[in-house]
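Subject: Structure handover

Hello,

Here is the structure we spoke about, with notes on what was found in it. Please keep the model open while you read.

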Amino acid sequence: MANVIVADDETLLRWALVQRLVRDGHTVTEAVDGAAALHALATVGPPTVIVLDLKLPDMTGLAVLEEIRRTRPDVAVVMMTAYWASEALEEARRLGVRDLLAKPLDLERVAAVVAAAREIGSC
């Protein structure tokens, strides 16, 4: 299965995502903000998929995505948010995000997107 990093500052949502993905057999690392996500990217076994919130307390998900693309362009990134603005959507696509998920999340959809990203590989 996949190594997944889940980056979201909402504790309950992060917990639900981790529980769902672990149930599918994935190894999951949690990150509460952008710095923790980038630290996990650098220190945890090679991640296959990063599930990344657009709004994090220390930096935007787009800033995290830019750094991921600079250091690990092979990693599939799935972004999620309740606040899609057209500029953010365009920038996420330009940076090669694998999929875009709207909050509130459908955990089954997240599981399917992670499985597909793992199978297809990265952008």
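P104 is found in the loop between β5 and α5, the helix of residues 107-120. The bond that joins K103 and P104 is a cis peptide bond, with omega at about 0 degrees. Please bear in mind throughout that this is a predicted model.

Next, the sheet. It is open and has five strands in the order β2-β1-β3-β4-β5, with parallel pairing. The edges are held by β2 (27-31) and β5 (99-102); each has a single partner strand, so one side of each has no neighbour in the sheet. From one strand to the next, the twist averages 20 degrees. As background, strands of a sheet pair through backbone hydrogen bonds, and the pairing is either parallel or antiparallel.

Two of the pairings can be followed residue by residue. Strand β1 (residues 3-7) runs parallel to β3 (residues 49-53), and four bridges join them. Here I5 has I50 as its bridge partner in β3, and A7 has L52. On to the next pair: β3 and β4 are also parallel, and five bridges connect them.

Is β3 enclosed or open to the outside? Five of its five residues are buried, so β3 is largely enclosed by the rest of the structure. In a regular strand, side chains alternate between the two faces of the sheet. In β3, V49, V51 and D53 lie on one side and I50 and L52 on the other; all are buried, and both faces of the strand are covered.

Some of these residues return in the nonpolar cores. The largest core has 22 residues, and those with the most contacts inside it are I50, L52, L65, I68, V77 and M79. The elements that give two or more residues to this core are β1, α2 (34-43), β3, α3 (61-71), β4 and α4 (86-94). The largest share, four residues, comes from α3. As for L65, leaving aside neighbours within four places in sequence, its contacts are L52, V77, M79, A92, L95 and V97. There is also a second, separate core of 19 residues, which includes A2, V4, L13 and V110.

Now the helix α1 (residues 11-23). It lies across β1, β2 and β4 (76-81), and runs at about 170 degrees to β2. V22 belongs to this helix. Is V22 buried or partly exposed? Its relative accessible area is 42%, so V22 counts as partly exposed. The C-alpha atoms of V22 and A88 are separated by 29 Å, and the two residues are 66 residues apart along the chain.

The charged end of K55 sits over the ring of Y83, at 4.4 Å from the ring centre. The count of aromatic pairs comes to zero.

Regards

Key
Residues numbered from 1 in each chain as written. Predicted model: local features only at pLDDT ≥ 70, side-chain atom pairs only at ≥ 80, totals over all residues. Heavy atoms only, no water. Pairing = 2+ DSSP bridges. Axes fitted to C-alpha atoms, helices over the stretch in contact; angles between N-to-C directions. Contact = heavy atoms within 4.5 Å. Phe/Tyr/Trp six-rings, centres within 6.5 Å; stacked < 30°, edge-to-face > 60°. Lys NZ or Arg CZ within 6 Å of the ring centre and 35° of its normal. Core = buried A, V, L, I, M, F, W, Y, C linked by side-chain atoms within 4.5 Å. Buried < 20%, exposed > 50% of the residue type's maximum accessible area, 1.4 Å probe, protein only.
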